[in-house]
Amino acid sequence: MSRYDGAFDSEPNEWNGWGLSQALACERKLCFKDSPLFQGVPLQPKTLRMFDMGSAAEMVVKLNHPDMQLTMQQFKVRVLDRGGKLDGVIVDNAIKEAFIWECKSMNSRAFAKFKQGVKAGKGVRELKPQYYAQAQLYMHAMNEYGITFYGKPIVQTIFTIIERDMGDISVTVFRYDNVFVSSIVLKRIDKVNAAKAEGAILGVPNYLEPWECNYCDFKSTCKAKPQSKFKT
Ligand code: SF4
């Protein structure tokens, strides 16, 4: 059995708007989500099923290592006023360290592209910045809560991706990056929260990932509104 040293008193209330998994998403979309004046168009069942398959992937990825255990699964954390649900905590009893576990699924094309990127020396931060930020926020929350295993803080994430066609798995490990969290991610959350407080909708950001508009439930609202920041 692993030892669990920290006081963990986190059953945050359900959050409004958006959560930690979206901290690096299009800030304009996040403003729409926060505003009571806009209603997203429900996504197509096909898209929702695709998202559900991502959650289901966690069930099929089994840890098969004599020293490693998935000790905590699917629990909620909070950073600033935003909540999130991490996939689990894995403990390695041999080296007495714990890791955040994040599990995603991808279609074969996206999976192959990710693997190629890793082979070319790129990290998750570069290849999948939103996933990277999400895991960083979870590690940040664990550190803020003072959670430790075997007396050590949790400063690493085991990031698995399952390929949906053939079941291949990619495993990447990365460390907590406090500078990235405080200089980029928390600032982004603050910026959207400030817009929310003043009832503003931010313009289209220049960091937008090309696929993001395709899966945006505010696509038609976005097109119909002025693209620069406006007050609601
Ligand atoms: S349609 Fe694209 S730019 Fe507009 S809010 Fe959605 S993600 Fe952002």
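Trainee: What covers the buried residues of α1?
Mentor: In this predicted model, the cover over the buried residues of α1 includes α6 (178–197), β8 (200–201) and α7.

Trainee: Why is α1 described as largely enclosed by the rest of the structure?
Mentor: Six of its eight residues are buried, and therefore the description applies to α1. These six are Glu27, Arg28, Lys29, Leu30, Cys31 and Phe32. A residue counts as buried when 20 or more other C-beta atoms lie within 10 Å of its own.

Trainee: Which residues are around the ligand?
Mentor: They are Cys26, Arg28, Lys29, Val204, Leu208, Glu212, Cys213, Cys216, Phe218, Lys219 and Cys222. Two helices, α1 (27–34) and α7 (219–224), each supply at least two residues of this shell.

Trainee: How many residues of each class does the shell around the ligand have?
Mentor: Seven are nonpolar, four are charged and none is polar. In this classification Cys counts as nonpolar, while Glu, Lys and Arg count as charged.

Trainee: What makes Lys152 buried or exposed?
Mentor: The count for Lys152 is 12 other C-beta atoms within 10 Å. A residue is exposed if that count is 12 or fewer, so Lys152 is exposed. Lys152 lies in strand β5 (residues 152–153). Between Lys152 and Glu97 there are 7.0 Å in space, C-alpha to C-alpha, although they are 55 residues apart in sequence.

Trainee: Why is strand β2 called largely enclosed?
Mentor: Strand β2 (residues 82–92) has eleven residues and eight of them are buried, so the rest of the structure largely encloses this strand.

Trainee: How do you know that β2 pairs with β1 and with β3, and in which direction do they run?
Mentor: Pairing requires at least two bridges. Strand β1 (residues 68–79) is joined to β2 by ten bridges, and the two run antiparallel. Five bridges join β2 to strand β3 (residues 97–106), again with an antiparallel course. Ile90 in β2 has Leu70 opposite, and Ile90 also stands opposite Phe99 in β3. Gly88 stands opposite Trp101 in β3.

Trainee: What lies between the strands of each hairpin?
Mentor: Two residues separate β1 from β2, and Leu80 in that turn has a positive phi of about 55 degrees. Between β2 and β3 there are four residues, with Lys96 in the turn also having a positive phi of about 55 degrees.

Trainee: What makes β1 and β7 edge strands?
Mentor: The open sheet has five strands in the order β1-β2-β3-β6-β7, with mixed pairing. Its edge strands are β1 and β7 (169–175), each of which pairs on one side only. From one strand to the next, the twist averages 30 degrees. Helix α2 (residues 45–60) packs on the sheet, where it touches β2, β3 and β6 (156–163), and its direction makes about 130 degrees with that of β3.

Trainee: Where does pLDDT stay under 50?
Mentor: That stretch is residues 1–15, for which the model has 28 contacts beyond four places in sequence. Where pLDDT is low, the predicted coordinates should not be read in detail. For the chain, the mean pLDDT is 86, and 93% of the residues reach 70 or more.

Terms used
Residues numbered from 1 in each chain as written. Predicted model: local features only at pLDDT ≥ 70, side-chain atom pairs only at ≥ 80, totals over all residues. pLDDT = per-residue confidence, 0-100. Contact = placed C-beta atoms within 7 Å. Near = placed C-beta within 6 Å. Axes fitted to C-alpha atoms, helices over the stretch in contact; angles between N-to-C directions.
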